[in-house]
Amino acid sequence: QVQLVESGGGLVQAGGSLRLSCAASGRTFSNLTMAWFRQAPGKEREFVAHIRWSGYTYYAESVKGRFTITRDNAKNTVYLQMNSLKPEDTAVYYCAAGVGVRPRATDDYDNWGQGTQVTVSS
């Protein structure tokens, strides 16, 4: 079992930036695959970004080139740097963790954070 605590959400104007953080506790962090998903009202939960324990990353096409996922294993924390934000990025963002997961497969992740709201105004 792992507990995930997210922070960094808020309101930002289009073109601005935010950095989300997700702190993990309860088990060894370094061997976990970490990911970010998001869900807008009336929409399915959508994959955003994924990072393996080794640091290799994978992104959804909609955010590639604008968002960057990183991790600090010494601090048991994963980050999502979001630049050039657009109104369509508005959603609740969720941190997820698992072992032996496929990048985009929501059901493969065993642990989820509470979600943090990101709102981008036009």
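**Figure 1. W112 and Y109 form an aromatic pair.** At 27% relative accessibility, W112 is partly exposed, a class that lies between buried (under 20% relative accessible area) and exposed (over 50%), judged with a 1.4 Å probe and protein chains only. Y109 has a relative accessible area of 4%, so Y109 is buried. The structure holds five aromatic pairs. In the one between Y109 and W112, the ring centres lie 6.3 Å apart and the planes make 65 degrees, an edge-to-face arrangement. Rings of Phe, Tyr and Trp (its six-membered ring) pair if their centres lie within 6.5 Å; planes under 30 degrees apart count as stacked, over 60 as edge-to-face and the rest as tilted. The model is predicted: local features need pLDDT of at least 70 and side-chain atom pairs pLDDT 80 or more, while totals for chains, interfaces and linings use all residues. Residues are numbered from 1 along each chain as its sequence is written, and side-chain values use heavy atoms, with hydrogens and water left out.

**Figure 2. Five residues make up one aromatic cluster.** Y109 and W112 share this cluster with F37, F47 and Y58.

**Figure 3. P87 sits in a loop between two strands.** The loop that holds P87 runs between β8 (77-82) and β9 (91-98); strands are DSSP runs of E with at least two residues, helices are runs of H or I with at least four, and both are numbered from the N terminus. P87 is partly exposed because its relative accessibility is 35%. Leaving aside residues up to four places away in sequence, P87 touches A14, V120 and S122, where contact means heavy atoms within 4.5 Å. M34 is 53 residues from P87 in sequence, and their C-alpha atoms are 25 Å apart.

**Figure 4. The protein chain is built from strands.** The chain has eleven strands and zero helices. Its C-alpha atoms fill a box of roughly 40 × 25 × 25 Å along the principal axes. A compact globule of 122 residues would have a radius of gyration near 14 Å, so the 13 Å of this chain agrees; the radius is taken over C-alpha atoms, and the globule rule is 2.2 Å times the number of residues to the power 0.38. Of the 122 residues, 43% are buried. Among contacts between residues at least 6 apart in sequence, 57% join residues at least 24 apart.
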